[in-house]
Structures are given as C-alpha cells and as structure tokens.
Amino acid sequence: MKLSPRQKKILSAIVETYIRTGEPVGSKLLSQQLDIKVSPATIRSDMASLFEMGYLEQPHTSAGRVPSHLGYREYIDSLMICQPLSRQERDEIDSLFNVKNPDPDQLLEDAADALAEYTGCTGVTSSISIRDVRVKRIEFIIAGQNTVVVLLIATNGVIKNKVIRVDFNVTPELIEFFSKFANSRLAGRSIEDITATYISSVSITLGEYSRIFTPMLVGIFELCKMVSDGKYYIGGGAKLLEHAELGRMARELFLLLDSQEQLHRIFNRDADEFKILVGKENSIMELVGSSLVVTHYQIAGEKAGTVGLIGPARLDYAKVIPHLEYFADTLGKLLSETLEAD
C-alpha cells in the first residue's frame, strides 16, 4: 500500500527520533515536532495504519512505536536525505589514516580501527583481491643459517610474508640464484594461475636443485593463496557492547567476527557497490538484530576490497552513508598511491 505524504512525514520523523533517542516515539511528541497542523488523534490514526502495514512495531506495552526493518527500509530508500560532507568532516576523515606507514595491510588494519572510532560501530576492512591481481615481485631475506623470510608483493598493493625453514645452509649466492629463478617464473603472472600444479611444474625445471628449494616454492604458493583469499580486519569489536540492543547477541557477534569464512560470506567482492541490510533483512542469524552497511574501495578503477560497518539497527544512516563512501574513496586513493610508489 502506498504511503500518503503525511504518513511519509510521520514515518520519517519516527525513524529519525528513534535513531536519536533510542526511546519509543509517541503521538504527542510527534505533534510537537511535525510541521503539519493535525491533532494527536490524527497522528495516532496514521501511526496505527503504519503499524498495520508493518512499518512500525510496538515494544512491550509502551504507548510509543519504533521502526521495523520495513520502516527503516522505506526510510533509507525513499525518505532519507543525505547531506554532503563539509570540508571539516572530510579533513577529520583524512586525519584518521596512518599515512606514515605505507604497508597496505597496516593501512587496512588502521582504517578498520579509525572507522570504528569515528562511527561508534564495529569497522571491517578487507584486502580481497582484484580479479586480475598479479605477482609484482618476490623478495627473500636471510634470517638464519637455515631460515629465509619470503615476501610476496602483489599488484594490488598487498604484501605477504612467511618464514621458511630449509635443510641447507643459506648463502647470499643461493638466495640470489633462487630469487632470479622465482621472479622469472612468477613475477607478472596472475595469482589465480599460480596453482599447486603450476608450482609443481616450476619445481621440476629446477632439476637437481628441486629438492632443496621445494619448501620455498611451497611457501610462495601459500602466500599467493593468502593474497587471493584476502584478509579481513576488525576494528572496535567491543563497540558492539556499547549498544544495549545488541547485548543479547554479543557472544554470537564476536564469534562471527572471529571467523574469516563467515566474514567472506558477508563482505565479498561480488556484492553490490553499496549495500545496507537492516535487522531481519540479514540472512545470517547473528546479524538479525543488527545493521550492516558495506561499500568497496577501488584500485585502478576496479573493486579491490571492502569497507563496512556492523552496528545497531538505529544507525544514523543519513550521516553514516556519505561518511562511509568518502572513507572508502580515501582508503582506495591511499592504497593506489602506495602501490604506485612501491
């Protein structure tokens, strides 16, 4: 059923008041706030209609009403007015990033923490790879007589490292030899093409050196898989406890945030450009009492990872959405600059 202009104003006012106060909204308060000259009785009648249509809920025996997930959806899709960020707000977001540290993983981790502090919600960022990410180069650092640190630098700016123990005495000459060999076979190749079968075929071309260098090739393969799978960074997990309505599901939410597999189901590169799921719109049980807001940052014009928030259903969406969009845009630019300078 189509809402009348007055019903839209009432629904919008209820959503915005509840977001601000966290308290059920009654007709008397609305009659004082709205710029329409109708009686509280008329407002009560419209609220009853909105309740019957599923846009409002009545908590316990309170005389007031709160938005349902349908009410939030109508507000987000049709009634909400997002204001562009001011220069001061953009400057505040710019200042949150640790631009002194050029490491992309550290940037993403810092960004999740900064997003949580700025919004009061749990921030999530990810390094999900762009579809055609390639190996930029592989570096080797001697860490001991039988220990080598392998660094894999990908074209999406992600850097992964792994400590490898070998059963031969590591010398600069051997490392230089293997570095040239590994980069000649792997640098410039798509991460998706570096399969176990391909690594096995590369190992064979080493001839008599195959046995001693196989652990290092296996390590490179594992690093490539880490880049392909991506990693999720959580900032402000404890922020969930600051919202009373999430208290009952706090344990389940913490377990969810601790699972990279679950996070990949929620935040993935094939998701919509900008996604908002409120309450029961979430298909994952742990999130039915929460709100999920997700967007993506870009590298070289292509979706490369996720920036998202998990918080209560009564988020200030009109404020959060433009802030999250600018946050993602800034993060993408920083990661692109880091990649170009590498």
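Hi everyone, let's start with Tyr209, which is partly exposed at a relative accessible area of 34%. Here buried means under 20% relative accessible area, exposed over 50%, and partly exposed in between, with a 1.4 Å probe and protein chains only.

A quick word on the model: it is predicted, so local features need pLDDT of at least 70 and side-chain atom pairs count only at pLDDT 80 or more, while totals for chains, interfaces and linings use all residues. Residues are numbered from 1 along each chain as its sequence is written, and side-chain values use heavy atoms, leaving out hydrogens and water.

Now, which residues do ring pairs link into a cluster? They are Phe140, Phe168, Phe177, Phe178, Phe181, Tyr209 and Phe213. Rings of Phe, Tyr and Trp (its six-membered ring) pair if their centres lie within 6.5 Å; planes under 30 degrees apart count as stacked, over 60 as edge-to-face and the rest as tilted.

By this rule the count comes to 8 aromatic pairs. In one of them, Phe177 and Tyr209 are tilted, 5.1 Å centre to centre with 45 degrees between the planes. Phe177 sits in helix H7 and Tyr209 in the loop between helix H8 and helix H9, so this pair ties together parts that are 32 residues apart in sequence. Helices are DSSP runs (H or I, at least four residues), numbered from the N terminus.

Phe177 itself is partly exposed, at 36%. Phe177 also forms a tilted pair with Phe213, 6.0 Å centre to centre and 40 degrees between the planes. And is Phe213 buried or exposed? At 0% relative accessibility, Phe213 counts as buried.

Technical notes: Helices (H or I, at least four residues) and strands (E, at least two) are DSSP runs, numbered from the N terminus.
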